[in-house]
Amino acid sequence: MEKKEKTVAVVLAAGQGKRMHSNVQKQYLLLRDKPVIYYALKTFQDSFIDEIILVVGKGEMDYCRSEIVEKYGFTKVYKMVEGGKERYHSVANGLRAIEEAAYVFIHDGARPFVTEEILKRAYEAVKEDHACVVGMPVKDTIKIVDQKQYAQSTPNRESVWQVQTPQVFTCSLAKEAYEKLLTEEEQLREQGIKITDDAMVVETLLNHPVKLVEGSYENIKITTPEDIVIANALLK
């Protein structure tokens, strides 16, 4: 893979993990003998990515520096910033910390099984399309339901993907989209528009097309207690 332009990863480790039903935040839960966040950071550390910005929860800066970054030798983590109220606030804080880069890889730290092969596919796509996200075609039939959980429609499964991270953009595009989002977030809220991923920011605020790139069915997000069981099985 030919690489010349600077790439930065914004890795999010500021989530609360309310669905995990644990006093320990999901990114710090242990898989084998290491925290969940370790595995994603290790992939970025060992990859072609030039620098990492780690977005952490309020009051967790010292802990992450000593128990994650320094303990495991993540030398590419050159900045740590605190997250915000919502995920998109955390991403915006991470983007603002980027001094100069051509491309940004935004990744949820609760996805431990990202691979360099996934990063390479995303990098090749973003060079051509300026905006791409990793994902996989869904395996199950999907139903669109109304507020009372009655089925309203069944989309063609071949056109439905489950979206993962990293989500990758030219840095200028991501920064422009997120600054616009922060300016217009109240209006979007009033319209009932809830931002759930980075692609949606670029699609909604800039009307920019986003390319889907193959990730992996193993690139799961640790969200509920069952996911820890699955993750441990994948590690074996």
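When I say buried, I mean under 20% relative accessible area. By that cut-off Phe-48 is buried, and Tyr-123 is too. Keep in mind that this is a predicted model.

Those two residues also make an aromatic pair, with ring centres 5.4 Å apart and 50 degrees between the planes, which counts as tilted. What does the pair link? Distant parts of the chain: Phe-48 is in the loop between H1 and strand S4 (51-56), while Tyr-123 belongs to helix H4 (residues 116-129), 75 residues apart.

A search of the whole structure turns up eight aromatic pairs. Another one is Tyr-38 with Phe-74: the centres are 5.7 Å apart and the planes sit at 45 degrees, so this pair is tilted. Here too distant parts of the chain are linked, with Tyr-38 in helix H1 and Phe-74 in the loop between helix H2 (61-70) and strand S5 (77-82), 36 residues apart. Tyr-38 and Phe-74 are both buried. They're also in a cluster, where ring pairs join them up with Tyr-39 and Tyr-72. And Tyr-38 has a charge over its ring: the charged end of Lys-34 is 5.4 Å from the ring centre.

Now the cores. The largest nonpolar core has 43 residues, and those with the most contacts inside it include Val-11, Leu-41, Phe-44 and Phe-105. Which helix gives the largest share of this core? That's H1, residues 36-46, with seven residues. Take Leu-41: beyond its neighbours within four places in sequence, Leu-41 touches Val-11, Ile-52, Leu-54, Ile-68, Phe-74 and Val-77. There's a second, separate core of 32 residues, and among them are Val-81, Val-91, Phe-169 and Cys-171.

Last stop, helix H6, residues 198-206. Asp-198, Ala-199, Val-201, Val-202 and Leu-205 are buried there. Why are they on the same side of H6? Because they cover an arc of only 160 degrees around the axis. As a reminder, an α-helix has 3.6 residues a turn, so residues three or four places apart point the same way. The buried residues of H6 pack against helix H3 (87-96), strands S6 (103-108), S7 (131-137) and S10 (161-170), and helix H5 (171-190).

Okay, that's my tour.

Notes
Residues numbered from 1 in each chain as written. Predicted model: local features only at pLDDT ≥ 70, side-chain atom pairs only at ≥ 80, totals over all residues. Heavy atoms only, no water. Core = buried A, V, L, I, M, F, W, Y, C linked by side-chain atoms within 4.5 Å. Buried < 20%, exposed > 50% of the residue type's maximum accessible area, 1.4 Å probe, protein only. Helix = DSSP H or I, 4+ residues; strand = E, 2+ residues; numbered from the N terminus. Contact = heavy atoms within 4.5 Å. Phe/Tyr/Trp six-rings, centres within 6.5 Å; stacked < 30°, edge-to-face > 60°. Lys NZ or Arg CZ within 6 Å of the ring centre and 35° of its normal. Arc of directions from axis to C-beta.
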